[in-house]
Amino acid sequence: MFKLLLGLYQPQKGKILLDGSSPDAHPKNQRHFLAICEQGVALVDGTVKDQITLYDDTITAEMIDKALALVGLTDIVKNLPQGLNTPVSDINLSQGQLQLLMIARSVVCDPQILLLDEMTASLDREETEAKVLKAIDAASSGRTVLSISHRRGAHDGRIIKL
């Protein structure tokens, strides 16, 4: 389903339309419309800021601050040696904090549609998972969210489970 929505697969029958257009008609850089947050942490070379912006100069400091606040990472990032400008190679974040950083990356452009793929798969089932689920709940507000989860109870009933 996600690959169809992202335009990576073509339907065998019928059409997939997002806002009236085929997914492959949407520019790949339209992160304000559709974003995906995958289960793995995919860091890029650069700073903490680069992890969120993916080098997109149109993303403002306010957008970054809002995304960090949404996922609960504001204080953690402020306490890094160079804040947002700390090289990612110099940070030692937990798996849960890295997952929160990936959620911040996904929501920084305030997408209308958010795809979540196994967001809690690699997390422990207690405090870390609770923080990620809280961030997912906050990120889900005011947008369409599709979530893949193989564990029962991983998300509340407001998120569509596939």
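**Confidence along the chain**

The chain has a mean pLDDT of 81, and 83% of its residues reach 70 or more. The table shows the elements at the two ends of the confidence range.

| Element | Residues | Mean pLDDT |
|---|---|---|
| Helix α2 (highest) | residues 48-53 | 96 |
| Strand β4 (lowest) | residues 160-161 | 42 |

Over residues 157-162, pLDDT stays under 50, and the model has 16 contacts beyond four places in sequence for this stretch. Where pLDDT is low, the predicted coordinates should not be read in detail.

**A pair of helices**

Two packed helices are described by the angle between their axes and the distance between the axes. Helix α3 covers residues 61-71 and helix α5 covers residues 95-107; their axes lie 9 Å apart, at an angle of about 135°. The two helices are therefore oblique to each other, and α3 passes α5 in a right-handed crossing.

Which residues in α3 and α5 meet? On the α3 side they are Ala67, Leu70 and Val71, and on the α5 side Leu100, Ile103, Ala104 and Val107. Sorted by class, this contact has seven nonpolar residues, with no polar and no charged ones.

**From Val107 to Ser140**

In sequence, Val107 and Ser140 are 33 residues apart, while their C-alpha atoms are 9.3 Å apart in space. Ser140 belongs to helix α6, which spans residues 127-140. Is Ser140 buried or exposed? Ser140 counts as buried because its relative accessibility is 11%, and buried means under 20%.

Methods
Residues are numbered from 1 along each chain as its sequence is written. This is a predicted model: local features need pLDDT of at least 70, side-chain atom pairs count only at pLDDT 80 or more; totals for chains, interfaces and linings use all residues. Side-chain values use heavy atoms; hydrogens and water are left out. pLDDT is the predictor's confidence in each residue, from 0 to 100. Helices (H or I, at least four residues) and strands (E, at least two) are DSSP runs, numbered from the N terminus. Contact means heavy atoms within 4.5 Å. Axes are lines fitted to C-alpha atoms, for helices over the stretch in contact, and angles run from 0 to 180 degrees between N-to-C directions. Angles under 35 degrees count as roughly parallel, over 145 as roughly antiparallel, 65 to 115 as roughly perpendicular and the rest as oblique. A crossing is left-handed if the near helix is turned anticlockwise from the far one by less than a right angle, and right-handed if clockwise. Ala, Val, Leu, Ile, Met, Phe, Trp, Tyr, Cys and Pro count as nonpolar, Asp, Glu, Lys and Arg as charged, and the others, Gly among them, as polar. Buried means under 20% relative accessible area, exposed over 50%, partly exposed in between (1.4 Å probe, protein chains only).
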